[in-house]
Amino acid sequence: MNPIVEVPIVEVQDFGVAFGLKDRPLHAVRGVNLTVRPGEIIGIAGESGSGKSTLCTGLIRALAPTARVSGRVCFDGRSLYDLPMREVAAMHGRDIAMVLQNPMTSLDPLFTIGNQVREVLKRRGVPGAQVREQAIAALKRVHITAPEMRVGQFPHQLSGGMRQRVLIAMATSASPRLLVADEPTSALDATIQDEILLLFRELRDRTNAAVLIVTHELEVIRRVCDRVLVMYAGRIVEQGPVSTVFAAPQHPYTRALLASTP
Ligand code: ADP
Ligand code: MG
């Protein structure tokens with residue numbers, strides 16, 4: 001046993017998220033208890049509509065304004081839903097990075113790629129003199145060719161896969177304490193997918209960040225994650241070390257999921 005017990009970065013107690021009318025709520029997430037420690041890479045699996053995205057956005061208080069939240073989420077020991085929104089926004093700029101499913105929802109169409117990457121680096125405390133160079137290096141790491149030219153372009157001048165890689169560069173280049181990636185590689189070629197997954201591990205190894213990856217690809221979880229959560233109908237029905245869960249799944253849904261994957 002490791003004698004140094006790290007303080008959790010995220011602690012969730014009896015967390016629930018409901019949408020819809022008060023008298024006819026849709027419980028997208030319910031009864032979730034979860035602890036995320038620095039340095040852990042956690043995979044979240046589950047069929048479409050099982051609440052994976054809602055849980056991820058709920059953990060960092062980035063839900064749609066119509067969502068109704070219950071239970072408690074602590075980020076770095078502070079009750080996230082009790083903080084003023086201004087402080088939460090500051091955390092998002094500094095401590096939390098997120099890669100969403102749809103790239104166009106996150107790159108600003110009005111600013112160049114370089115502008116947006118440099119902005120993230122500056123917000124995360126990279127000294128001014130290094131920002132330009134580090135932005136180029138970050139784009140190179142996600143295999144954007146000719147990054148010196150790309151920095152002057154706008155999001156619509158890049159392909160969907162490239163935009164996704166820019167977002168991943170923004171999320172992994174500075175040093176977030178928590179990275180949430182929602183289906184980050186589903187739109188990418190298999191060869192690039194491998195490189196991106198390695199980037200997540202590199203980030204963890206370099207900064208001891210915690211990483212949450214939502215994916216329907218069990219192979220991704222097998223390759224990069226330490227721990228897996230399986231969601232079904234808004235609940236975590238199974239969680240544990242990847243090797244344990246994959247070798248001996250306990251919940252019928254996990255068994256079905258593993259059986260249906262080649
Ligand atoms: P997953 O990511 O696993 O596919 P989601 O978290 O996106 O699942 O969705 C879980 C449930 O919550 C679904 O029934 C979905 O329709 C519902 N839901 C998600 N976001 C909203 C929203 N903004 N308003 C209303 N219902 C939503
Ligand atoms: Mg989703």
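Me: Which elements each supply at least two residues of the shell around ligand 1?
Reply: This is a predicted model, where local features need pLDDT of at least 70, side-chain atom pairs count only at pLDDT 80 or more, and totals for chains, interfaces and linings use all residues. Residues are numbered from 1 along each chain as its sequence is written, and chains are lettered from A and ligands numbered from 1 in the order in which they are written. Helices (H or I, at least four residues) and strands (E, at least two) are DSSP runs, numbered from the N terminus. The elements asked for are β2 (24-36) and α1 (52-59).

Me: How many residues surround ligand 1?
Reply: A residue counts if its C-beta atom, placed from the backbone, lies within 6 Å of the ligand. The closest are Phe19, Ala28, Lys52, Ser53 and Thr54. α1 gives the most, with 3 residues. The total around ligand 1 is 13.

Me: At what angle do the axes of α4 and α6 cross?
Reply: Axes are lines fitted to C-alpha atoms, for helices over the stretch in contact, and angles run from 0 to 180 degrees between N-to-C directions. The axes of α4 (residues 128-141) and α6 (residues 160-173) come within 9 Å. They cross at roughly 120°.

Me: What average pLDDT does the protein have?
Reply: pLDDT is the predictor's confidence in each residue, from 0 to 100. Of the residues, 96% score at least 70. The complex has a pTM of 0.90 and an ipTM of 0.99 from the predictor. The protein's average pLDDT is 90.
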